[in-house]
Amino acid sequence: MANQIHDVLIIGAGVTGTLIARELSKYQLDVVIVDKSNDAGNQTSSANSAIIHSGYDPEPGTLKAKFNVLGNAMYPQLVEDLDVPFINCGSLTIAIEDEQLETLKQLAERSKINGVEVKLLNKEAVLKMEPNINPLVKGALYAPTAGIIDPFNLVVHAMENAIDNGVTFLRSHEVININKNKDLYIVKTNKGELMAKVVINAAGVKADKIASMVESIDWAITPRKGEYYLLDHYAPGLVNSTIFPLPSKKGKGVLVSLTTAGNYIVGPSSELSDPDDVSTDTLTLNNIKQAATLMVPSIPFKETIRVFSGLRATCTRHDFIIEYAKSDNHFINVAGIESPGLASSPAIAEYVVNELVKPLMQLKKNEKFNPCVKKYHRMFYLSEEEKLEVIKKDADYGMMICNCEHISLGEIKDALSRSCPPVSIKGVKRRTRAGFGKCQGGFCQPKVLMLLAEHYGVSPTKIPLNDDGSYIIDHEIKEAK
Ligand SMILES: Cc1cc2nc3c(=O)[nH]c(=O)nc-3n(C[C@H](O)[C@H](O)[C@H](O)COP(=O)(O)OP(=O)(O)OC[C@H]3O[C@@H](n4cnc5c(N)ncnc54)[C@H](O)[C@@H]3O)c2cc1C
């Protein structure tokens, strides 16, 4: 690998980087993607609201508006190809006070300019759709093209598909410096140097740090933290679509939404933050509770199974940055990808490849490109008959590892056999949902740990909870093997 010259090197395996890698794998190119983490999608792409926004909200004319609308339209095919749970549940942006009805009308106008289908609903129509909304509601803007997705599967399956089509994924490779020697970039990582003709910077909240390794920049990332409650899926029927308040300067506000697995998500907050701080705090969580219950008064917060936070790559330019570096068109910045980054990412990937990479090099089609991953069996979503059918073919699918989420040994073994396998307990969780339930891994975590140790042929003390070094067993004792 040391002397190999890659055509394209992507820094960052979040949703942006992995979908760009997949898009590049449609061509005969040597593509490598590196991440400082030991897995794909370990940062912001795994800690967000998971909404495929319709595109009614971004300011017309911005890159956010353009790519959100294009990306939203690409999702139905993408989730089919990558086998990712997705529900086109629509969204409701609600007005609780009379004065807010005017803002709803303005948002409807903005939607028209952005090319997004919406409908203004009166109080009765809103309450008919969502009976648990605050009865004081005055009206809402309904966006039928909004949806919810499993963001963990999205990134991992995009990575898997890119690898299946020839891309190399280097985990635990932190980029620490970048130099240029004639026509080649020398990218220094903690694991050695890599050489590439083109470099794409998709490093999320660290994208300004990476861009500054190449030239001085006139923008910066000022991360904003968003905290959440995640509720169990034993509270059915609370809301059917994603419920938003009116947007403000700070963002789309605290939402209440179903997740693809039937949980509820409530949040996020929005405060300036350190780029590595993903803590949560009681004051912020209480504020979220207050804002959310104003929209949906009966949220059963006692069903909370987890609180967490994610970091927005908010940029001082207040829009996505998707362009060549000022000093060299062979270095491409894909930065400031805050919300609606998840919704926009398939369209961003297409744009980066067609409009920014294509002019730099001859792109010959990869005739062997296969857009699909091998289908996954998810016991949680299957009917009893379907489950029996799967178990008949492979008894491992009948052996439950995670009883809360009904995740079988077969599903974990399948994840381990793929081209982008998990290497940590959370890696298994993100792929299969083992540990996502009420006990939060209390019962299945030791079993998952042992399965990983057995699969990789290492001691359980060498299996991390999440990123490198986050071991949960300190040492073996004499009796335990
Ligand atoms: C609270 C919150 C709510 C959101 N809700 C939504 C939503 O509902 N819908 C929506 O469309 N969008 C939403 N977003 C935005 C969306 O999550 C992001 O736009 C998207 O995940 C960004 O992906 P990314 O790949 O650019 O960044 P990331 O996922 O952060 O990936 C960047 C990667 O770069 C790696 N990296 C960084 N530095 C280095 C280095 N030096 N060397 C190697 N690798 C490095 C990191 O490890 C990371 O894996 C939300 C974001 C937040 C925080």
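Helices (H or I, at least four residues) and strands (E, at least two) are DSSP runs, numbered from the N terminus. This is a predicted model, in which local features need pLDDT of at least 70 and side-chain atom pairs count only at pLDDT 80 or more, while totals for chains, interfaces and linings use all residues. Residues are numbered from 1 along each chain as its sequence is written, and side-chain values use heavy atoms, with hydrogens and water left out.

**Stop 1: a helix residue**

Select Leu-101, which sits in helix 3, covering residues 100–114. With a relative accessibility of 30%, Leu-101 counts as partly exposed; here buried means under 20% relative accessible area, exposed over 50%, and partly exposed in between, with a 1.4 Å probe and protein chains only.

**Stop 2: the whole chain**

Zoom out to the protein chain, which contains 12 helices and 22 strands. Its C-alpha atoms fill a box of roughly 65 × 60 × 45 Å along the principal axes, and 57% of its 481 residues count as buried.

**Stop 3: a strand residue**

Select Val-32 in strand 2 (residues 31–34); at 0% relative accessibility, Val-32 counts as buried. The C-alpha atom of Val-32 is 10.0 Å from that of Met-195, although the two residues are 163 apart along the chain.

**Stop 4: the ligand**

Which residues are closest to the ligand? Among the 38 residues that surround the ligand, the closest are Thr-16, Asp-35, Ser-45, Ile-51 and Ile-337, where a residue is near a molecule or strand if one of its heavy atoms lies within 4 Å of it. By class, this shell has 17 nonpolar, 15 polar and six charged residues; Ala, Val, Leu, Ile, Met, Phe, Trp, Tyr, Cys and Pro count as nonpolar, Asp, Glu, Lys and Arg as charged, and the others, Gly among them, as polar.

Show the side chain of Thr-16, where an N or O atom is 2.8 Å from an oxygen atom of the ligand, and then Asn-48, whose polar side-chain atom lies 3.2 Å from a ligand oxygen atom. At Ile-51, look instead at the backbone, where an N or O atom lies 2.8 Å from a nitrogen atom of the ligand.

Colour domain 1 (1–87 + 148–218 + 314–373) and domain 2 (88–147 + 222–312), and notice that both give residues to the shell around the ligand, so the ligand lies between them; these domain bounds come from an automatic or database domain assignment.

**Stop 5: an arginine in a loop**

Select Arg-171, found in the loop between strand 9 (168–170) and strand 10 (175–181), and buried at a relative accessible area of 19%. Its side chain reaches the backbone oxygen of Asn-38 at 3.0 Å, and the side chain of Arg-171 also reaches the backbone oxygen of Pro-421 at 2.7 Å.

**Stop 6: backbone details**

Select Gly-267 and Pro-268, which are joined by a cis peptide bond with omega about 0 degrees; Pro-268 lies in the loop between strand 16 (264–267) and strand 17 (271–272). A cis peptide bond also joins Ser-339 and Pro-340, with omega about 10 degrees.

Finish at Ala-50, in the loop between strand 2 and strand 3 (51–52), where phi is positive at about 65 degrees although Ala-50 is not a glycine.

How values were computed. A polar contact is a pair of N or O atoms within 3.5 Å; within protein, one must be able to donate a hydrogen and the other to accept it, and residues adjacent in sequence count only if both atoms are side-chain atoms.
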